[in-house]
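Dear colleague,

Please find below the structure that I am handing over to you, together with its sequence. My findings follow directly after it.

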Amino acid sequence: MDMLEFVVPELDFRAILPQIILAITALTVLLTGVFSREKKGPAIGFLSLAGVALSFSAVVFSGSQTVSSFSGMLTNDSFARFISMIVCVVALLTILISINYRKISPAINSGEYYCLLLFAALGMMFMGSAGNLLMVFVALETMSISIYALAGFQKQREKSIESALKYFLLGAFASGFLLYGFALVYGATGTMDIVKIGRFLNDHPLVVHSPLLLGGVALMTVGFGFKVAMFPFHMWTPDVYEGAPTSVTAFMATGVKAAAFAALIRVFYVALGSLQVDMTQIMWVIALLTMTVGNVVAIAQSNIKRMLAYSSIAHAGYLLVGFVAGGELAISGMLFYLLGYAFMNLGAFGVIALLAKKDGEYTELSDFAGLGFKYPAMGLVMAVFMFSMAGIPPTAGFMGKFYIFTAAINSGFIWLAIFGVINSVISIYYYLRVIVTMYFKEPEQDIVMLTPTGAIILALVIAAAGVLFMGILPSSVLDIARNSTTLIM
Amino acid sequence: MMVDHQNIYLILSALLFVIGAAGAITRRNAIIVFMCIEIMLGAVNLVFLTFSRANQSVEGTFMVLFIMAVAAAEAAVGLAIFILMYRKAGSIDVDRFNIMKW
Amino acid sequence: MLTNYIPVLVMILVGVAFGVFSVVVSSNLGPLRRFKVKKEPYECGMKTQGATYVQTPIKYYVVALLFLVFDLECVFMYPWAVHYKKLGLFGFVEMMVFIAILFVCYLYVWKKGALEWE
């Protein structure tokens with residue numbers, strides 16, 4: 001036996017061109033941050049913006065071939081490209097929000113901040129295209145470690161430190177579980193390649209129900225559950241989202257969710273497809289509880305960032321309904337929903353980031369009283385985002401839920417779909433409360449909005465346009481999502 | 001061959017993992033919590049090496065290298081956060097940092 | 001073959017036996033008087049000063065962290081070095097790219113002043 005038999009693998013660098021661009025931009029931004037004398041201006045932000053835009057175009061123009069490169073480490077299929085597109089949109093909007101947010105929190109206008117942001121985006125992209133459990137792990141940690149640091153970026157705010165601490169400890173704890181799961185699956189199947197695991201389990205039905213594999217799958221579910229904020233592993237979400245700088249919260253609520261769901265879909269559908277029937281029996285309960293807990297607790301929140309955190313748990317629940325349903329329609333529905341969720345959530349956090357003051361932020365719901373008339377444009381876009389999150393037509397949120405629940409009904413999970421609709425109705429209460437507060441309540445204090453710069457206006461316009469476009473003309477986006485459901489098997 | 005002793009290593013690693021997980025949940029000092037998490041990662045490394053040996057495949061061994069590198073990066077970020085905590089509050093007790101309700 | 005190790009075994013046994021013997025005998029035969037000086041960590045020599053619980057300067061942790069991170073990158077160079085010949089020029093360039101990325105980080109650390117003690 002020669003364990004170290006070695007062949008130089010075939011490398012296809014075009015397959016990772018978007019990631020290479022992101023990495024180079026990140027390093028350039030880091031060096032620019034320390035070497036340039038100009039510390040106040042938005043130059044660094046625009047530099048990273050250019051990098052992300054370039055990366056986005058590299059994703060769009062990378063063709064439609066389905067290749068597996070770097071000896072199976074990466075699978076460059078249309079699914080991975082769609083996730084990369086979502087990540088680029090998320091990074092783009094986050095940077096636009098951050099360029100404005102630096103007025104509230106000067107610390108984030110540094111090379112480090114944008115460098116970490118870009119590296120996190122890089123990790124998310126790799127998570128979407130990982131073809132090997134090793135790659136899933138490395139990508140996940142690239143993303144997570146960057147975000148641990150980002151969450152604690154406001155060094156003077158105790159809440160920010162607390163947020164970083166909790167996210168760090170629980171994230172590291174969760175990755176321990178994930179890794180143990182990977183190890184057991186590796187032991188049961190003898191390979192870490194996602195496609196090969198799938199084939200092995202097809203050929204060896206006896207292994208499918210071996211305790212080793214089942215234990216591994218259970219531990220992996222725990223690990224992924226932490227990352228996507230699935231019940232009962234959702235406890236960290238509200239604290240971390242409330243404490244982190246608003247721009248970072250927006251980034252992690254949307255980007256991490258998209259990347260983690262991408263990895264979840266690939267690992268569970270491709271590698272563990274043989275277990276799907278058993279998985280759904282547990283997962284549908286979890287999906288139901290995740291939606292319900294998120295929505296019910298969100299009603300009781302008075303802090304809007306906390307409320308959006310619980311709402312993000314609820315949205316993870318809706319996405320899990322799609323995960324349970326399975327099949328082409330469900331995957332395309334989830335991709336559609338992830339993109340729509342990116343637009344509406346980043347938009348909502350962008351509005352919150354406009355209201356912040358120097359030593360803290362206006363994040364209580366009561367702070368929004370009367371703002372709808374004072375700043376009509378802001379009130380209008382916030383209303384659009386809230387309607388979309390509640391799932392009221394004609395918005396992206398409505399169409400996304402429609403596709404996911406349709407897929408659930410088609411797969412026979414009628415009750416799950418009904419509970420999903422009931423949950424959406426519950427959620428309307430607290431989303432509309434934001435709008436009611438903005439338009440029908442007398443302001444308790446005089447709150448002044450930051451003078452919006454071009455960057456944040458652009459971000460909000462893109463987000464609102466995205467939400468409305470996906471709501472009014474959903475078929476164009478859904479067609480792309482439909483073509484993106486081919487995973488390399 | 002070591003394969004014959006596979007189960008011993010697996011049981012040892014399972015024990016280590018449980019010790020680490022239990023410590024991470026019950027301890028209140030942030031650094032000790034983090035050390036417990038490192039014990040969990042050590043347990044994972046042991047499993048990977050055992051299976052790498054048993055399956056005669058090199059993938060598991062490489063995974064260990066990556067886990068080690070990632071753990072170092074995690075330790076760097078973690079200690080930076082703990083120093084930040086200490087500067088702000090003069091303590092690294094996890095309970096001390098609980099202004100937000102769970 | 002194992003017989004070669006018998007002298008080592010004997011040596012270990014003798015060593016352990018001597019250690020146990022001297023500790024047991026001296027604590028049993030010698031007179032036992034306790035007073036304050038005797039309880040100090042170093043009975044002879046200079047008087048101890050200050051608390052044993054000394055705070056290390058925070059700079060130390062920064063250097064230790066940097067060492068840890070850069071040190072572990074070497075882990076990836078060992079497998080590369082083993083296959084250096086097979087990888088050829090391409091492998092060399094790949095590793096140079098890896099080192100270049102590390103060098104960028106080093107430049108950052110240096111410029112940021114993390115390597116200066118004062």
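B:Met68 is partly exposed in this predicted model. The reason is a matter of counting: a residue needs 20 or more other C-beta atoms within 10 Å to be buried, and 12 or fewer to be exposed. B:Met68 has 14 such atoms, and therefore falls in between. This residue has its place in helix H3 of chain B. Once the neighbours within four places in sequence are left aside, B:Met68 is in contact with C:Leu72 and C:Val75. From B:Leu16, B:Met68 is separated by 52 residues in sequence and by 17 Å in space, C-alpha to C-alpha.

The contact between chain B and chain C takes 9 residues from chain B and 8 residues from chain C. On the side of chain B that touches chain C, 9 residues are nonpolar, while none is polar and none is charged.

Helix H3 of chain B also packs against another helix of its chain. Two packed helices are described by the angle between their axes and the distance between the axes. Here, the axes of H2(B), residues 30-55, and H3(B), residues 59-89, come within 9 Å and cross at roughly 175°. An angle over 145 degrees counts as roughly antiparallel, and H2(B) and H3(B) are therefore roughly antiparallel to each other. From H2(B), the residues that make the contact include B:Phe34, B:Leu41, B:Val44 and B:Phe48. From H3(B), they include B:Met63, B:Val64, B:Ile67 and B:Phe82. Sorted by class, this contact has 14 nonpolar, 5 polar and 2 charged residues.

Chain B meets chain A as well: 35 residues of chain A are in contact with 35 residues of chain B. On the chain A side, helix H5 (133-151), helix H6 (158-189) and helix H10 (236-243) each supply at least two residues. Which of the elements of chain A gives the largest share of the side that touches chain B? That share comes from H6(A), with 16 residues. The classes on the side of chain A that touches chain B are 22 nonpolar, 6 polar and 7 charged residues.

As to chain A itself, its secondary structure consists of 20 helices and 2 strands. Its radius of gyration is 22 Å, close to the 23 Å that the globule rule gives for 489 residues, so chain A is as compact as a globular protein of that length. The C-alpha trace of chain A spans about 75 × 55 × 40 Å along its principal axes. Among the contacts in chain A with a separation of 6 or more, 82% join residues 24 or more positions apart.

Of the 489 residues of chain A, 63% count as buried. The largest nonpolar core has 229 residues, and those that touch the most other members are A:Ile86, A:Val87, A:Leu117, A:Met127, A:Ala258, A:Ala259 and A:Val324. Helix H14 of chain A, residues 327-354, gives the largest share of this core, 20 residues. Not counting residues up to four places away in sequence, A:Val87 touches A:Ala121, A:Met124, A:Met125, A:Gly255, A:Ala258 and A:Ala259.

Chain C has 5 helices and 0 strands, so that its elements run α-α-α-α-α from the N terminus on. Buried residues make up 0% of the 118 residues in chain C.

With kind regards

Key: Residues are numbered from 1 along each chain as its sequence is written. Chains are lettered from A and ligands numbered from 1 in the order in which they are written. This is a predicted model: local features need pLDDT of at least 70, side-chain atom pairs count only at pLDDT 80 or more; totals for chains, interfaces and linings use all residues. Axes are lines fitted to C-alpha atoms, for helices over the stretch in contact, and angles run from 0 to 180 degrees between N-to-C directions. Helices (H or I, at least four residues) and strands (E, at least two) are DSSP runs, numbered from the N terminus. Angles under 35 degrees count as roughly parallel, over 145 as roughly antiparallel, 65 to 115 as roughly perpendicular and the rest as oblique. Two residues are in contact if their C-beta atoms, placed from the backbone, lie within 7 Å. Ala, Val, Leu, Ile, Met, Phe, Trp, Tyr, Cys and Pro count as nonpolar, Asp, Glu, Lys and Arg as charged, and the others, Gly among them, as polar. The radius of gyration is taken over C-alpha atoms; the globule rule is 2.2 Å times the number of residues to the power 0.38. A nonpolar core is a set of buried Ala, Val, Leu, Ile, Met, Phe, Trp, Tyr and Cys residues joined through C-beta atoms within 7 Å.
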